[in-house]
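Dear colleague,

Please find below the structure that I am handing over to you.

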Amino acid sequence: MFFKKKIVKKTYDPDKRKPAIRASICTGEQVAGFIDLQSGHFDEILLIRNPNDLQEFKDTYGITGDLDIIY
């Protein structure tokens with residue numbers, strides 16, 4: 001049967017990690033994830049295929065507002 005996915009709330013440490021979107025200039029592919037503020041390393045969490053994917057990422061981690069886009 002078809003059931004709506006249950007969103008499981010997850011947390012992150014805003015003092016150590018910052019939510020962002022990494023976008024490709026060539027293909028336009030976008031990936032949501034977190035930037036480590038110490039090392040600058042980007043951890044990919046979710047491929048964004050449509051606006052619903054971005055909203056799911058925000059809802060899962062309790063993020064409000066716009067995310068920075070890294071090219």
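Please bear in mind while reading that the model is a predicted one.

These two residues also belong together in another way. Phe34 and Phe57 form a tilted aromatic pair, with 5.6 Å from centre to centre and 50° between the planes. Phe34 is part of strand β2 (residues 30–36) and Phe57 is part of helix α1, so their pair ties together parts that are 23 residues apart in sequence. In general, a pair of aromatic rings is described by the distance of the centres and the angle of the planes.

How many aromatic pairs does the structure hold? There are five aromatic pairs. One of them joins Tyr12 and Tyr61; this pair is edge-to-face, at 6.4 Å centre to centre and with 70° between the planes. Tyr12 lies in the segment before β1 (17–23), whereas Tyr61 lies in helix α1 (residues 51–61), so this pair ties together parts that are 49 residues apart in sequence.

Is Tyr61 buried or exposed? Tyr61 counts as buried because its relative accessibility is 14%, and the cut-off for buried is under 20%. Tyr12 has a relative accessible area of 23% and is therefore partly exposed. Tyr12, Phe34, Phe57 and Tyr61 form one aromatic cluster.

**The chain as a whole**

The secondary structure comes to one helix and four strands. Followed along the sequence, these elements give the pattern β-β-β-α-β. The C-alpha trace spans about 45 × 30 × 20 Å along its principal axes.

The chain has 71 residues, and 25% of them count as buried. Its accessible surface comes to about 5700 Å², and carbon and sulfur atoms account for 52% of that area.

Contacts give a further view of the chain. Of those between residues at least 6 apart in sequence, 35% join residues at least 24 apart.

Yours sincerely

Technical notes. Residues numbered from 1 in each chain as written. Predicted model: local features only at pLDDT ≥ 70, side-chain atom pairs only at ≥ 80, totals over all residues. Heavy atoms only, no water. Phe/Tyr/Trp six-rings, centres within 6.5 Å; stacked < 30°, edge-to-face > 60°. Helix = DSSP H or I, 4+ residues; strand = E, 2+ residues; numbered from the N terminus. Buried < 20%, exposed > 50% of the residue type's maximum accessible area, 1.4 Å probe, protein only. Contact = heavy atoms within 4.5 Å. Areas by Shrake-Rupley, 256 points an atom, 1.4 Å probe, with all protein chains shown as cover.
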